Structure formats: structure tokens, C-alpha cells
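Me: I am new to this structure and would like to learn how to read a few of its features. Could we begin with the way helices pack?

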Amino acid sequence: MKMSSLFRASALVILSAISLNLGAQRLNVLEEVAANHMKACGLDSPYIFDDPEMTPAPKGYEAFYVDHYGRHGSRYAYGSFVYQMPRNILTRGLEENNLTPAGKNFLDRVLPLCEKVKNRIGDLTDAGWNQQYRIAGIMAGNFPSAFGKGARVRANSSTSMRAAMSMSAFCLGLGQSCPGLEILAHNGREYLHCTHPNDDGNPYKGQRVEAKPLPCTEKVEDFFGSKFDWRGFLGRYFKDVDLAVKGRDVYQEIRSMYMLEGGMNSLDEDVRVDFDDIFTDEEYTIMWEIENYEHMLGWYPATHEISAIVEDMVSTADEHIAANLRGGDFRFGHDHVVMPLMMLLHIDSHGPHPKTAEETKYYFQTFYSCMASNVQMVFYRPKKSARPGRELNAEDVLVKVVMNGHEAKIPVETGNWPYYEWTAVRDFYKSVVAQFSRE
């Protein structure tokens, strides 16, 4: 298949955008992670409500529409292995008289936790519900004109129960903040193209060109072996490290302990156990870097499927602009959707592809996909166009991107950041989607 003129133009736009982003690498990211235990938790970081200020709307403009994608709120571990792997290796250590006093103390904390959570794998916690409810209230307070008289909101979630419950909490919070708002919420396979396109149950899966391979070739286990002193770590808990790891996957065992510690931040007080002493601060920072690389390798290939969400966000925005309607479209899903979506939207330097495992941390940071993480594209129209019977031209519409409550940058030229001309942003994102077209 020959490259079309549209595709050639799209490629040039993308390359130009990437070159703009290269200067925005976060070269001090390890220092950030080392200084902030919540960031070091990566995907298990709880949402941070730090109350950032919003830049006032441009003179003569008002917010009228919000296009959104959000991860579910805080939950119990998505897999029982997070609790069971530490329990099993420590229990075997006890049976083999191979535990140090620190190892026995570790086991004494793990056993009652496993009993408490055995029937809650993947469930949304109270904290997760409250995160979504609160985020909706903040959005309503930041952009009240988008949810005023005549506004209509559509919400969709993946088929996951925690995503559906997150959507329910959000819609309840938005509805209570904006009495009279019309809200329609949906859940099911028909909406997977805009909530969880890489789900095997997506009926539209596989309709796009796959992403090009990443230049990173180092295996995660090799990266782990070169970065982390696993013998020194396990030596604190086991008398004989070789005996402890016999027949076991060392990386996965230690990774489960990393996830166990970070996951405590999502649990409610009556369940939570303090594991913050299991890793040193330096060890925990290194484990963040290793898992960060693992997720980059795993999630970048999903960008071709996640491009369906970018396409949906553009089309629903254009629908609202054409109809000149207030409201919003809200989508609820998962971390492995948020991060590829950030790469495709090129938010805050996400997008350029690292060439090595070591480089990954400068372009890709899992803590952006914290519990209840969300991307908002907030659209503004001239106030005069809000009058009854007035048409709205796309050329008059401005948009800003908000990531986890903070105004974000994208590689589109503007003289009025955080505001961008929608037509320029739309052209850029259409060029991104065009990479995966089967035309």
C-alpha cells in the first residue's frame, strides 16, 4: 500500500510535534520519585487533590463542553497474586526455618491481610468511590457554564465492575453539583471502542494498523537484574536466599511485594496494613523505574487500538460544536488505557519513544495513571454564540487539556496557553489517528 498524501502530511505534522516535545523531557524524574513515596507507587498512587488554580477563561469566552477519559478509582489489587505471592514465599520460608526475624514480622502482617481481602480482588474501595465523586464536584465548580441550563451528559464505562462503579460515583457527584443536569450512563461491549478498545471483547478490535515496534529491546528481567540488588533485599527476610527463591520467579516475587506496599494506599483504614518498611527508599525508587519500563513495553503496542478513543473524542467534540450544546462525554476505564492515550495525545512530553530502558523514565511515568487519573479536554465558545438560535463555528472554539486537575501542554502552537485553537488541535489529533488507518 502506497503512502497517501494525507498520510505523508500527517507524518510531517507528527514529527514536527515530537521535535517540540523533545525539549520537555523530565530529566529529574528519579529525584521526583525518590522524594515522593506516592509517585514511587506508580499505578497504585492515589489521586492527589492539590487544588491547582485554573487559568481564567479568555475574555468573552465560556466553557461549554468537557471531553473526558478517566481511570477507575482506588481498588483492591486487581489480581490475587499481589497478596498471595508474598504470603506463599514467606510461608514456605517459615516451614523451612528460613525466615529472619524481619521475615517473620513481614509474614505476621501479610497473613491477616490475605484473610481480609480474599473476597475483594479488584473491587472499588470507598476511597475510590469518593475520589470520583469529588473529581466530578471539582469539575462542576471549575466549569459551571458547561453544565448549566440545557446541558446533557453522556457517560460510558468498560465492562469492569470497578469502572462502572466509578462512573456511577462520578455521575452522582456531577448530578448533585448541577441539579437538573440530564445524565445518560451506559455500560457494555458496544461502548468498548471508547472505553477499553484493547479488551478482547471489543467487537471492533483489530480494525487498525498496529503500532511500529519500539526500539527498546532489553528484557525487563535483565533490566531488573542490572538495577536491583535482589539478594541484598531478600537477605533481610530469608536466612538462605538461594533456598528461598528455588523454583520461583525472583522478579515477579519482588514485584508482588512492591505492588503490595503501594496498594495499601488504596485500601480503607480498617483493612490497610503498614508495609512501608519492606523496601528502602532507594530500593522502592528502583522498583518504580523497572516496572515503569515494563509497562511502557506492554502498553505502547496498544496505541493503535487506543487511537479509537482519540477518534471518538474528536468526533463527539465536533458533534457538540455543530449542535452548539452544553454538556460532556465521560469515559471510564483503566490504567492501561490512560497511558497509551497520554502518548497519543502527547500530553506533557508523553509521546516520543525512548530508545533504551534507561531512557524510558524521561518520556513515560506511570504515576500519571494514578487511581482515578483523568484527561479532560475543556472547550470554550464565545459567550455571544450561547444565545438562542446562534450557530457556533469550529474556528471560534478554544480548548485546553487538563491532566489530573492540572492544565497541561500539547505540541500545538499557541500564543495563549493553556488555550489552543480547536481546529489546530483537531488537525493534529486526526493526523495521529491517521497513522493507524487501514485506508
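Reply: Axes are lines fitted to C-alpha atoms, for helices over the stretch in contact, and angles run from 0 to 180 degrees between N-to-C directions. Please keep in mind that this is a predicted model. Two packed helices are described by the angle between their axes and the distance between the axes.

Me: How do the axes of helix H6 and helix H7 cross?

Reply: Helix H6, residues 126-142, and helix H7, residues 161-177, have axes that come within 7 Å and cross at roughly 35°, and the crossing is right-handed. On the H6 side the contact includes Trp129, Tyr133 and Ile135, which face a set in H7 that includes Met165, Phe170 and Leu172. By class, this contact of H6 with H7 has 11 nonpolar, 7 polar and no charged residues.

Me: Which residues does the cis peptide bond join?

Reply: The cis peptide bond joins Trp417 and Pro418, with omega about 15°, and Pro418 is placed in the loop between strand E7 (406-408) and strand E8 (420-421).

Me: What is the phi of Asp51, and is Asp51 buried or exposed?

Reply: Phi of Asp51 is near 55°, a positive value in a residue other than glycine. Asp51 sits in the loop between helix H3 (37-40) and strand E1 (61-71), and Asp51 counts as exposed because its relative accessibility is 70%, where exposed means over 50%.

Me: Where does His346 lie, and is His346 buried or exposed?

Reply: His346 lies in the loop between helix H15 (335-345) and helix H16 (360-363), and phi of His346 is also positive, near 55°. His346 counts as buried because its relative accessibility is 5%, where buried means under 20%.

Notes. Residues are numbered from 1 along each chain as its sequence is written. This is a predicted model: local features need pLDDT of at least 70, side-chain atom pairs count only at pLDDT 80 or more; totals for chains, interfaces and linings use all residues. Side-chain values use heavy atoms; hydrogens and water are left out. Helices (H or I, at least four residues) and strands (E, at least two) are DSSP runs, numbered from the N terminus. A crossing is left-handed if the near helix is turned anticlockwise from the far one by less than a right angle, and right-handed if clockwise. Contact means heavy atoms within 4.5 Å. Ala, Val, Leu, Ile, Met, Phe, Trp, Tyr, Cys and Pro count as nonpolar, Asp, Glu, Lys and Arg as charged, and the others, Gly among them, as polar. Buried means under 20% relative accessible area, exposed over 50%, partly exposed in between (1.4 Å probe, protein chains only).
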